[in-house]
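Subject: Structure handover

Hello,

Here is the structure for your files. My notes on it follow below.

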Amino acid sequence: MESLKQLVIYNAKLIINVRDEVDGLIRDLPLMKAIIEVSTEMGREDAVVKELVSRIRAVTFEAEDAVDAYLVEGTSYNLKGKKWLYKVFGSINHASKLREVVKNIQTIKEEVDKMNNYQMLREALQHRGPAGRRRMERRLPDIEKDNVVGFDKATATLVDRLTGKTEDLQVISIIGMGGLGKTTLAHKVYNDPIVLHEFSTLAWIYVSPTYSKDKLFLSILKGVTQVTSDMSNMGEDQLAEEVCRQLTWKYLIVVDDVWEEEDWDSIKKAFPNHKNGSRILLTTRFKHVAVHADQHSPPYELDFLTDVQSWELLQKKVFGGGDCPQDQVNLPREHVGYIPDEFKMLRVYHSQPVSFPRFPSEIERLVHLTYVAFSGDFKTIPLAVSNLWNLQTLIAETSSRTTRTIDIKADIWKMLKLRHLHTNKPSQLHDPVAKKTEDHDSLQTLTTITPQSCTEGVLGRTPCLKKLGIRGKLATLLEEKQGSLFDNLTTLKQLVTLKLLNDVFPEPPSENRLQRLPLPNKFPPNLKRLTLEDTFLEWEQMHVLGMLPKLEELKLKDNAFTGVRWILVDGDFQKLKALQIWKTDLVYWVAKAEHFPSLQHIVLKDCWRLWEIPSSLGNLEILRTIKIHQTSRPAAESAWKIKQQQQESNVYNGLKVEIFPPDLVQGSSPAAAAFTGKIEQQQQESNVYSGLKVEVFPPDLGRGSSPG
């Protein structure tokens, strides 16, 4: 339905000959889909109703295919280099096909109107109000069992991993860009005889970008037990607990199409670890999601099909498994790798790491693209890209040395399915041209944009944004005119990840430092992850970040803060779990365990002047890792002392300390260390001790002096 609506909005000229037919589809298909929903809710086993629903499903898919084919014929006919595509499709009268589908739908409508003997179904249709109407989930991707190509080795590998000897619950991920067959491979593994024999309980859930947790949990329960009315009325937390309680035997759950780390976090509580070899098979486009789900389980990355495999798939799709007649397609075999997606109306365009000398303008008319990733020498994303109304992910990386920003001339406000926009240089976004433009409810990722793009017209119309990166002269964000641009971030209620990079090239960032941070109430209210870089803030400003109520991860990259001393304030950083500090002139870090009650991970990099990690952090029972990379020797040694302190006490819980290079804690003289320790101990045991401290700095022992 959404595709048909967008077709009318953005391709009015293209469909002028079939506008009445498309309007008819938009009018009639909601009824068809409502019948499917109601019959499912009622659990009808009536043969007539089942036959009707089967016909409705078939005609709905025919409508989608007919519309897609019509669009391809209209937009591809004159494309340079695509004449072979017309040879295959051009002989089909897609307009006639569309009219035939509309006639079939009209016939079904008439039959529904005559169903006086099925009053129950008709009344259910009439009384379904908006509150009682279940939102239709995006239908599961078609699994083409007969067209699975090149997955035999992958299937065997994944089956071996799923049935391995590890008893702990494992998440095994399949990663790869859209269109490579992640779901198809997962389906093949899911139905493998070895898997079916190994696991007592199997279930499949599809995590669409608009998924509903309660429906996901209920779908698992339906495969495990008889769902009662009490279960159907449970809330999300109760359902999660019920799933956890029901999954008692060795289970395999396929979690298909996960887009965000938060999506996994929101459902993982339902999967218990009974140490009986249970597994989660997860599919995602993004490696960081897979690693987040299970950092100890390397994801299985799908490769592109080989030329031979692509040719085999092409023949199966177009010629039913037979050989391709030589007079049908005259194309070099090495170009076949791109053909399978063309015959699926080209959903994926991925040309990286190849870099073009210009913007790849050929993508502008491939209106069915859902995923685009390319590199090239360009300064703008042209207006014509607005025609890609089906696009969900756009990754554009420029190699231009003469531009610091990418001008987004494309009207992203018309691209209603766009979820993720990523550019390697900051993008300049523009306010919607139309004053009555509706909010862009699909857009979830903008990385990165210029500070000047953070207007009310842009951020005020992206209420579902979850991840935002801002790069440029950050002082622009804080300039007080009629309110600062940073104030517009408060409208982002769903934002959980924010990156602020102070890039003022060719000037040094130290000369364009931020004088202050906005007040805590100016930050997005649900912010969990924050990154700062080259902001050169004073350490006193950390108090502002400490007051962010939901902050869990803080990355202070190169020169985010500057100054000799950082003294923590009581009550700050109550939820902080991970802290990274890179390249700073910090010397004294003064803190107690009470300042970081939730801290689990510490990463220090290029902190050459840091004297030590506060020893009191060793009292944190939940502290899991301390990673040291190119820091001062005293800081590295203090990390080991914290571990030793925990091991000698009752709070040790497996703290891991990683130090690079290793000789940071091996290069000092044991005799010298013992001698200085004895001096301090001698004073402590006598009457002359008055707090003597022995310090050596910088880290290269024998060449430096203590700070101060």
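**Charges over rings**

Lysine 250 lies over the face of phenylalanine 199, 5.3 Å from the ring centre. The charged end of lysine 605 sits over the ring of tryptophan 582, at 4.5 Å from its centre. The rule here: NZ of Lys or CZ of Arg is within 6 Å of the ring centre and within 35 degrees of the ring normal.

**Ground rules**

This is a predicted model, in which local features need pLDDT of at least 70, side-chain atom pairs count only at pLDDT 80 or more, and totals for chains, interfaces and linings use all residues. Residues are numbered from 1 along each chain as its sequence is written, and side-chain values use heavy atoms, with hydrogens and water left out.

**Aromatic pairs**

Rings of Phe, Tyr and Trp (its six-membered ring) pair if their centres lie within 6.5 Å; planes under 30 degrees apart are stacked, over 60 edge-to-face, the rest tilted. By this rule there are 13 aromatic pairs. One of them is phenylalanine 359 with phenylalanine 374, edge-to-face, at 5.2 Å centre to centre and 90 degrees between the planes. Phenylalanine 359 lies in the loop between strand S6 (348-356) and strand S7 (371-376), and phenylalanine 374 lies in strand S7, so the pair ties together parts 15 residues apart in sequence. Strands (E, at least two residues) and helices (H or I, at least four) are DSSP runs, numbered from the N terminus.

Phenylalanine 374 also pairs with phenylalanine 378: the centres are 5.4 Å apart and the planes at 50 degrees, so this pair is tilted. Buried means under 20% relative accessible area, exposed over 50%, partly exposed in between (1.4 Å probe, protein chains only).

Phenylalanine 359 and glycine 376 are 17 residues apart in sequence, with 6.1 Å from C-alpha to C-alpha.

Elsewhere, ring pairs link Trp539, Phe561, Trp566, Phe573, Trp589 and Phe596 into a cluster.

**Second largest pocket**

A pocket is an open set of points on a 1 Å grid over the protein atoms alone, where a 1.4 Å probe fits, with protein on both sides within 12 Å along at least five of seven lines; lining residues have an atom within 4 Å of a point. The second largest pocket holds about 2100 Å³ of space. That volume is the space filled by probe spheres set on the points, which are joined across faces, edges and corners.

Its lining has 46 residues, and Glu261, His292, Gln295, Glu553 and His601 lie nearest the centre. Helix H13 (residues 261-267) gives the most, with 5 residues. Domain 2 (151-301) and domain 3 (549-665) each supply at least three; the bounds come from an automatic or database domain assignment.

**Helix H8**

Helix H8 (residues 182-190) is mostly covered, with 8 of its 9 residues buried. Among them are Lys182, His187 and Tyr190.

**Backbone points to check**

A cis peptide bond joins threonine 447 and threonine 448, with omega about -5 degrees. Threonine 448 lies in strand S12 (residues 445-449). The bond from phenylalanine 660 to proline 661 is also cis, with omega near -5 degrees.

Two aspartates have positive phi: aspartate 257 at about 65 degrees and aspartate 606 at about 55 degrees. Aspartate 257 is in strand S3 (residues 251-258) and is buried at 9%. Aspartate 606 lies in the loop between strand S22 (601-605) and strand S23 (625-629) and is partly exposed at 25%.

Best wishes
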